[in-house]
Amino acid sequence: MRHRIRAAVILVKEQKILLVKHVHPIIGNEWWVPPGGGVEEIDKSIFDCAKRETWEETGYTIERKEIQYIREFIDHELDAQNLEVFVKGEVIGGEITLENIFGKGQDEHYIKAVEWIDRENLRDLTVYPEILKEDEFWDDIKKDNMPTKYLGKTEGDRDGN
């Protein structure tokens with residue numbers, strides 16, 4: 001099993017969170033996650049990765065703040081143990097688009113939408129990490145310089161299960 005570091009950005013405005021919709025191209029399962037992806041050689045840090053991935057998946061330029069959450073998950077489909085870092089961020093430029101993912105690898109086959117989703121509408125979606133649906137998250141996001149929280153370890157496949 002290989003190890004992978006993944007960085008994602010949590011962007012919230014007016015009780016809405018920016019999420020990226022993934023649909024498994026073969027079995028059709030869908031799930032929503034904050035914009036992010038694996039650290040690559042061009043990234044100088046997890047923060048650079050988070051900025052790059054956010055631009056690729058959403059079209060937004062962001063300013064990063066502190067690390068909010070860390071979680072681990074096993075992806076059996078990719079045979080990878082992931083360490084995922086969620087960085088709190090703020091949009092400072094750009095326009096929402098999926099155009100930047102084309103030609104960047106397999107993401108263009110999975111990513112189907114990027115949307116600001118209202119807190120109330122999260123309940124009906126499959127969202128990772130699951131804390132994004134909970135009141136705890138909405139309380140956490142209001143805090144400045146909150147301590148980083150470890151969300152635990154889960155197992156699943158790239159299809160979100």
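**Entry 1**

I began with Gln68, which is found in strand E6; strands (E, at least two residues) and helices (H or I, at least four) are DSSP runs numbered from the N terminus. The model is predicted, so I note that local features need pLDDT of at least 70 and side-chain atom pairs count only at pLDDT 80 or more, while totals for chains, interfaces and linings use all residues. Residues are numbered from 1 along each chain as its sequence is written, and side-chain values use heavy atoms, with hydrogens and water left out.

Is Gln68 buried or exposed? I found Gln68 buried, because its relative accessible area is 0%; buried means under 20%, exposed over 50%, and partly exposed in between, with a 1.4 Å probe and protein chains only. Not counting residues up to four places away in sequence, Gln68 touches Ile10, Phe86, Val87, Lys88, Phe137, Asp140, Ile141, Met146, Pro147, Thr148 and Lys149; contact means heavy atoms within 4.5 Å.

I then looked up Glu66, whose place is also in strand E6. Glu66 is buried, with a relative accessible area of 19%. Beyond four places in sequence, Glu66 has contacts with Phe86, Val87, Lys88, Lys143, Asp144, Asn145 and Met146.

**Entry 2: Pairing around E7**

I followed E6 to E7: the two run antiparallel and are joined by 13 bridges. Two strands count as paired if DSSP finds at least two bridges between them. Asp75 stands opposite Ala80 in E7. The hairpin of E6 and E7 has four residues between the strands, and there Asp79 takes a positive phi near 50°.

Which strand pairs with E7 in the parallel sense? I found that strand E1 (residues 2–10) does, over nine bridges. Within E7, Leu83 is the bridge partner of Ile5.

**Entry 3: Second largest pocket**

I noted a volume of about 260 Å³ for the second largest pocket. On a 1 Å grid over the protein atoms alone, a pocket is an open set of points where a 1.4 Å probe fits, with protein on both sides within 12 Å along at least five of seven lines, and lining residues have an atom within 4 Å of a point. Grid points are joined across faces, edges and corners, and the volume is the space filled by probe spheres set on the points.

The lining has 15 residues, and Leu11, Val12, Lys13, Gly89 and Ile141 lie nearest the centre. Strands E2 (12–13), E6 (60–75) and E7 (80–94) each supply at least two lining residues. E7 gives the largest share, four residues.

**Entry 4: Nonpolar cores**

The largest nonpolar core has 18 residues, and Ile10, Ile17, Leu19 and Phe137 have the most contacts inside it. Such a core is a set of buried Ala, Val, Leu, Ile, Met, Phe, Trp, Tyr and Cys residues joined through side-chain atoms within 4.5 Å. E1, strand E3 (16–23), strand E8 (111–118) and helix H3 (135–140) give two or more residues to this core. Apart from it lies another core, of 14 residues, among them Ala7, Leu98, Ile111 and Trp116.

**Entry 5: Backbone in the loops**

I checked the loop between E2 and E3, where Glu14 is found. Phi of Glu14 is near 50°, a positive value in a residue other than glycine, and Glu14 is exposed at 71% relative accessible area. Gln15 is found in the loop between E2 and E3 and has phi near 60°; Gln15 counts as partly exposed, at 37%.

Finally, I looked up Pro129, in the loop between E8 and H3. The peptide bond from Tyr128 to Pro129 is cis, with omega near -5°.
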